[in-house]
Amino acid sequence: MVQDSQPTVEQVWPDFISLFTFGVVGCSSHGVKPKEGTNSALSESVSSTDSERLKNDPNRVVVEYDEFTKATSYFGEGHVIGGFTGEGISGAVVYLSAFHDAKGSGYSLVVDSMYEAEQYISFNEAVDISGARYPVRKDRHKVECSSGGCLFYETVLVDISRKDIEDRKNTGFRIRLQGSSGRQEINLPAAYLKGFLTKVPAV
């Protein structure tokens, strides 16, 4: 909850984690369909008072199987980043996700962001350090305002391929999200990419 006085990172962190689990559920619009109970399970795995665990276990991948759709979904560990342009509280939880079903498979870079601003950044473009561009899908968003200002929450999905991940497993994945009123640089380390590829089978 946003307070009338200037909130601290510690005060808004629980809301940030809520956004993380909120974003995981939102992945269903991209074909990643967690079965019932996934949200609560991930909530337990990302305690709001244990931010370090979000960025210190690159090999952790949550696997969910839906017996009705016969789809298997994979969610990489959340990687906490900061560095939004502008001032005020900002940050994001970034993770890789994938799904396999009878029709094929898909991979996404999921970005759950939170920032103080006067309007949504509205991320609509993603480009990596080599100049390659990737489709961006808007997934979820919400805003909380008080007399002290507004906190914006925005979740987007960047469509990537397994080859994109494999090609960068030794160097890391550096990508920039851009929107109408700001941008965010994301750097997923090589260890994170290797850990995800190890747990997610190629089909």
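In which sense do β6 and β7 pair, and over how many bridges?

A: β6 and β7 pair in the antiparallel sense, over two bridges. Two strands count as paired if DSSP finds at least two bridges between them; helices (H or I, at least four residues) and strands (E, at least two) are DSSP runs, numbered from the N terminus. The model is a predicted one, in which local features need pLDDT of at least 70 and side-chain atom pairs count only at pLDDT 80 or more, while totals for chains, interfaces and linings use all residues. Residues are numbered from 1 along each chain as its sequence is written, and side-chain values use heavy atoms, with hydrogens and water left out.

pLDDT is the predictor's confidence in each residue, from 0 to 100; its mean over the protein chain is 75, and 67% of the residues reach 70 or more. Helix α2 (residues 38–45) has the lowest confidence, at a mean of 32, and helix α4 (residues 162–167) the highest, at 96. Over residues 1–55 pLDDT stays under 50. The protein chain contains five helices and eleven strands.

The pairing of β6 and β7 belongs to an open sheet of four strands, in the order β7-β6-β10-β11, with antiparallel pairing. β7 (133–134) and β11 (182–188) are the edge strands; each has a single partner strand, so one side of each is left without a neighbour in the sheet. Opposite Tyr134 in β7 stands Ala126.

Three aromatic pairs are present in the structure; rings of Phe, Tyr and Trp (its six-membered ring) pair if their centres lie within 6.5 Å, and planes under 30 degrees apart count as stacked, over 60 as edge-to-face and the rest as tilted. One of the pairs joins Tyr120 and Phe152 in an edge-to-face arrangement, with 4.8 Å centre to centre and 75° between the planes. This pair links distant parts of the chain, as Tyr120 is in the loop between β5 and β6 and Phe152 in strand β9 (residues 149–160), 32 residues apart. Phe152 is buried at a relative accessible area of 6%, whereas Tyr120, at 23%, is partly exposed; buried means under 20% relative accessible area, exposed over 50%, and partly exposed in between (1.4 Å probe, protein chains only). Another edge-to-face pair is formed by Tyr134 and Phe173, at 6.0 Å centre to centre and 65° between the planes. Here too distant parts of the chain are linked: Tyr134 is in strand β7 and Phe173 in strand β10 (residues 173–179), 39 residues apart. Both Tyr134 and Phe173 are buried. Tyr120 and Phe152 also form one aromatic cluster with Tyr115.

Arg168 lies over the face of Phe173, at 4.8 Å from the ring centre, and the charged end of Lys142 sits over the ring of Tyr153, 5.0 Å from its centre. The criterion is that NZ of Lys or CZ of Arg is within 6 Å of the ring centre and within 35 degrees of the ring normal.

Ser122 lies in the loop between β5 (104–116) and β6 (123–128), and has a positive phi of about 55° although it is not a glycine. Ser122 is partly exposed, with a relative accessible area of 22%. Among the residues that Lys138 touches, not counting those up to four places away in sequence, are Ser122 and Phe123; contact means heavy atoms within 4.5 Å. Lys138 itself lies in strand β8 (residues 136–146) and is exposed, at 60% relative accessible area.
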